[in-house]
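I set aside some time to go through this chain and jot down what I looked up. Here are my notes, in the order I took them.

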Amino acid sequence: MEHRRNVTEFVLLGLTQDPHGKIALFVMFLLIYTVTVLGNLLIMVTVLASPSLDSPMYFFLAYLSLMDAVYSTVFSPKLLIDLLSDRKTISFPACMGQLFVEHLFGGAEVFLLVAMALDRYVAICKPLHYLTIMNRRVCILLLVVAWVGGFVHSVVQLVFVSGLPFCGPNIIDHFICDMYPLLELACTDTYFIGLTVVANGGAICMVVFIFLFISYGFILNSLKTHGQEGRKKALSTCSSHVTVVVLFFVPCIFMYVRPVSNFPADKLMTVTYTIITPMLNPLIYTLRNSEMKNAMKKLWCPKLTME
């Protein structure tokens with residue numbers, strides 16, 4: 001405890017020190033953040049207001065959009081402010097708070113993607129029992145499990161990091177507070193904690209990623225018995241899910257399935273899963289989903305649908 005008080009704030013080096021580069025990144029990330037929030041809010045409102053989207057798949061999609069909007073908000077405003085500031089600092093409590101919320105929503109999204117894969121498996125492989133199996137109670141239970149899983153994962157990460165002694169230096173070569181940059185600053189041996197990070201973060205990502213791909217393999221194999229129209233619709237839906245899974249899990253595996261170390265590519269990977277992926281999710285699910293596009297047209301452009 002005595003050592004930890006020596007560091008009351010951390011200095012973030014950010015993405016670049018070039019003034020022109022900062023302005024360019026500010027404009028780009030401001031646009032991305034705006035699209036992320038508006039796109040995910042659009043999906044949430046459309047699902048809630050459209051009777052045609054009253055199914056388990058869109059129930060989960062609405063909560064995925066909520067998670068993405070909040071997840072992006074944890075990082076983007078701070079990043080945008082830092083890009084316009086000469087000195088980028090974050091207090092110790094704010095750093096721990098950012099770390100907790102990052103892993104809370106990231107962990108919850110991991111388990112939510114599992115729930116969405118289960119939903120697609122039941123819908124395609126057991127269509128006659130779909131509404132019986134995936135009833136409202138089951139959907140809410142899966143959502144609660146996702147939040148509890150994310151909470152437990154985040155608490156474990158926070159407990160290990162917050163108790164470490166930080167006695168200087170306090171410079172983080174990153175734009176957010178994350179596990180590995182913080183572990184490198186601790187003035188104690190972090191080998192064991194690094195292994196728990198790999199087990200609690202990397203192993204979960206790897207196991208879930210493999211499980212999801214096996215699940216979608218079973219789903220695609222079962223499409224052989226479907227008609228051409230049903231196969232086309234199922235392929236469109238599953239391809240959207242698989243794209244989101246790859247975008248989310250590949251950077252996660254790169255970041256956490258390794259010993260404690262920092263690489264130059266870490267910042268790019270972190271930008272991908274904290275800022276880019278939350279923006280792409282609503283685009284992927286709307287552009288490749290005819291039901292969602294039709295519901296949006298009816299809700300937001302009723303005159304066009306009447307014509």
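**Disulfides and other pairings**

I began with Cys205, which counts as buried at 4% relative accessibility. I keep in mind that this is a predicted model. Which cysteine does Cys205 bond to? I found Cys252 as the partner, with the two sulfur atoms 1.8 Å apart. Cys205 sits in helix H7 and Cys252 in helix H8 (residues 228–256), so I noted a link between distant parts of the chain, 47 residues apart. I read 55 degrees about the S-S bond, and this link is right-handed. Cys252 is buried as well, its relative accessible area being 9%.

Next I counted the disulfides, and the structure holds 3. I looked up the one between Cys95 and Cys177, where the S to S distance is 2.1 Å. Here I noted Cys95 in helix H3 and Cys177 in the loop between strand S3 (171–172) and helix H6 (179–185), distant parts of the chain 82 residues apart. Is this disulfide left-handed or right-handed? The torsion about the S-S bond of Cys95 and Cys177 is about -125 degrees, so I wrote down left-handed. Both Cys95 and Cys177 are buried.

The remaining entry on my disulfide list joins Cys167 to Cys187, at 2.0 Å from S to S. Cys167 lies in the loop between H5 and S3, and Cys187 in the loop between H6 and H7, so this pair ties together parts 20 residues apart in sequence. I checked the exposure of each: Cys167 is partly exposed with a relative accessible area of 33%, and Cys187 counts as partly exposed at 33% relative accessibility. Counting bonded cysteines along the chain, I get the pattern 1-3, 2-4, 5-6.

I also looked at two further cysteines. Cys125 counts as partly exposed at 26% relative accessibility, whereas Cys139 is buried with a relative accessible area of 2%.

**Salt bridges**

How many salt bridges does the structure hold? I noted 5. One of them pairs Arg87 with Glu9, the closest N and O atoms being 3.4 Å apart. Arg87 is in the loop between H2 and strand S2 (89–91) and Glu9 is in strand S1 (residues 9–12), so the bridge ties together parts 78 residues apart in sequence. Arg87 counts as exposed at 55% relative accessibility, while Glu9 counts as partly exposed at 29%.

I then moved to Asp82, which forms a salt bridge with Lys78, with 3.3 Å between the closest N and O atoms. Asp82 and Lys78 are 4 residues apart in helix H2, and I put their separation at about one helical turn. Asp82 counts as buried at 6% relative accessibility, but Lys78 is partly exposed with a relative accessible area of 21%. The cut-off matters for that reading, because buried means under 20% relative accessible area.

**Aromatic rings**

I listed 12 aromatic pairs in the structure. In the pair I opened up, the rings of Tyr71 and Phe75 have centres 5.3 Å apart and planes at 85 degrees, so I recorded edge-to-face. These residues are 4 apart in helix H2 (residues 56–83), separated by about one helical turn. Tyr71 is buried, and Phe75 is too. Elsewhere I found ring pairs linking Phe209, Phe213, Phe248 and Phe249 into a cluster.

**A surface patch and a histidine**

I looked for nonpolar surface and found a patch of about 470 Å² made by Leu118, Tyr121, Ile210, Ile214 and Phe218. Which helix gives the most to the nonpolar patch? H7 does, with 3 residues. Helix H3 (92–125) and helix H7 (191–222) each supply at least two of its residues. Leu118 has its place in helix H3 and is partly exposed, with a relative accessible area of 36%.

Is His153 buried or exposed? At 10% relative accessibility, His153 counts as buried. Leaving aside its neighbours within four places in sequence, I found His153 in contact with His103, Gly107, Asn200, Gly201 and Ile204.

How values were computed:
Residues are numbered from 1 along each chain as its sequence is written. This is a predicted model: local features need pLDDT of at least 70, side-chain atom pairs count only at pLDDT 80 or more; totals for chains, interfaces and linings use all residues. Side-chain values use heavy atoms; hydrogens and water are left out. Rings of Phe, Tyr and Trp (its six-membered ring) pair if their centres lie within 6.5 Å; planes under 30 degrees apart count as stacked, over 60 as edge-to-face and the rest as tilted. Buried means under 20% relative accessible area, exposed over 50%, partly exposed in between (1.4 Å probe, protein chains only). Patches are made of residues with over 30% relative accessible area and no salt bridge: like charges are joined within 9 Å, nonpolar side chains (Val, Leu, Ile, Met, Phe, Trp, Tyr) within 5 Å. Accessible areas come from the Shrake-Rupley method with a 1.4 Å probe; for residues, only the protein chains shown count as cover. A salt bridge is a side-chain nitrogen of Lys or Arg within 4 Å of a carboxyl oxygen of Asp or Glu. Contact means heavy atoms within 4.5 Å. A disulfide is a pair of cysteine sulfur atoms within 2.5 Å.
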